[in-house]
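Hello,

I'm passing a structure over to you, with some notes on what turned up in it. Have a look when you get a moment.

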Amino acid sequence: MSETKSIMDYETVALDEEKGALVIIDQTKLPYSTEILELTKQEDIWNAIYLLQVRGAPAIGVAAAIGVYLAAKEIQADTFDEFYPAFQKAKEYLDSARPTAVNLSWALNRMDSVCRANQEKPIGELKKILHDAAVEIRNEDVWVCKSIGEYGLSLVKPGDGLLTHCNAGKLATVKYGTATAAMYLGQERGYNFRIYADETRPLLQGARLTAFELYESGLDVTLICDNMSATVMRNKWVDAVFVGCDRVAANGDTANKIGTSVVATVAKRYNIPVYICAPTSTIDLNTPTGADIQIEQRPAEEVTEMWYKERMAPVGVKVFNPCFDVTDNDLIAGIITEYGIARAPYTESLKEIFLKKEASKDEKKIAD
Ligand code: MRU
């Protein structure tokens, strides 16, 4: 009898060395079917990011790093001067797929730094170095998320009710997720959390992905519509909110999936702490405040007809479909990074987190 594979047995985003392909789970097909895509062409990788076949800030960073390595591998050049313009073109192309999640440009800039730092090397060797850099970005994500999970777990207690919005889970990262990392680690340690997953309109990442992966993993998860978060909070069923992020500004204002700021505002009303789970790759000290974050606008069809059997809104009606919103820093109880928990005032504490990161830069970051 063949064993049925759980979604947790698949890799969200990986490099197939033999095929020279970026391998992802097509997240637009979940939870009904698990389709694995093997992408080699830059256009297909760009589309996969734009169409949310691979999504979630850390996962798109990893996909872009692997993507630009695959582009580099194909560049026919004898010298760095011939190689670099083609590399930069591929980098800029992938970077244009989505604007809000800073992980995309973070990963591509890191690959670019590696490229420039090794410009004296023969092109064959440079390609190998870029390969290793992409694999390192992917592998590091496991440690980053696990560390966020450990810090997150220190903020809650067994039996707590935790609410999350969108999918900042395994499907948005390489393994543990960010917002879900404490949930998975808590499960291993018998914490028996009760999780509330917002369905997350319009693309239903909470229903299709978060509820799916937590349920498949055996956690106690209850799916709610976005407009039910006030009810579960008022009922005292929620002790903390854990969400992910796409870009944290220097003052702690945080862009995450549209609806996060509504959750945070309601949580403040009921004195429930809201924790932003943020790998340092998602913190952008060059963006001063939330007002400076570019918010991606998505097609109207996502609101009017996607996921429905029939169109659910009048043809021609005006639609506003921002993909993310900004949660003001005063609604945030803490920003959980892989180097510790930043508290207000964030302008100071986030800088300290980066100093810690710098101080530990020679340590190997490995987790399984
Ligand atoms: O549009 P999406 O599905 O890519 O949005 C994802 C989110 O908003 C996540 O919360 C965020 O990227 C963090 S994932 C660890």
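Which residues line the second largest cavity? They are Thr200, Arg201, Pro202, Leu203, Gln205, Lys257, Ile258, Arg298, Glu302, Asn321, Pro322 and Cys323. By cavity I mean a set of points, on a 1 Å grid over the protein atoms alone, where a 1.4 Å probe fits but cannot get out, and lining residues have an atom within 4 Å of a point.

Please bear in mind that this is a predicted model, in which local features need pLDDT of at least 70 and side-chain atom pairs count only at pLDDT 80 or more, while totals for chains, interfaces and linings use all residues. Residues are numbered from 1 along each chain as its sequence is written, and side-chain values use heavy atoms, without hydrogens and water.

The structure has two cavities of 30 Å³ or more. The largest cavity holds about 170 Å³. Its lining comprises 21 residues, with Arg55, Gly56, Ala57, Asn167 and Asp246 nearest the centre. Helix H2 (57-74) and strand S9 (254-257) each give at least two residues to that lining; helices (H or I, at least four residues) and strands (E, at least two) are DSSP runs, numbered from the N terminus.

There is also an open sheet of seven strands with mixed pairing, in the order S6-S5-S4-S7-S10-S13-S14; two strands pair if DSSP finds at least two bridges between them. At its edges are strand S6 (220-224) and strand S14 (340-342).

Best wishes

Terms used
1 Å grid on protein atoms, 1.4 Å probe; cavity = no way out; pocket = protein on both sides within 12 Å on 5 of 7 lines; lining within 4 Å. Points joined across faces, edges and corners; volume = space filled by probe spheres on them.
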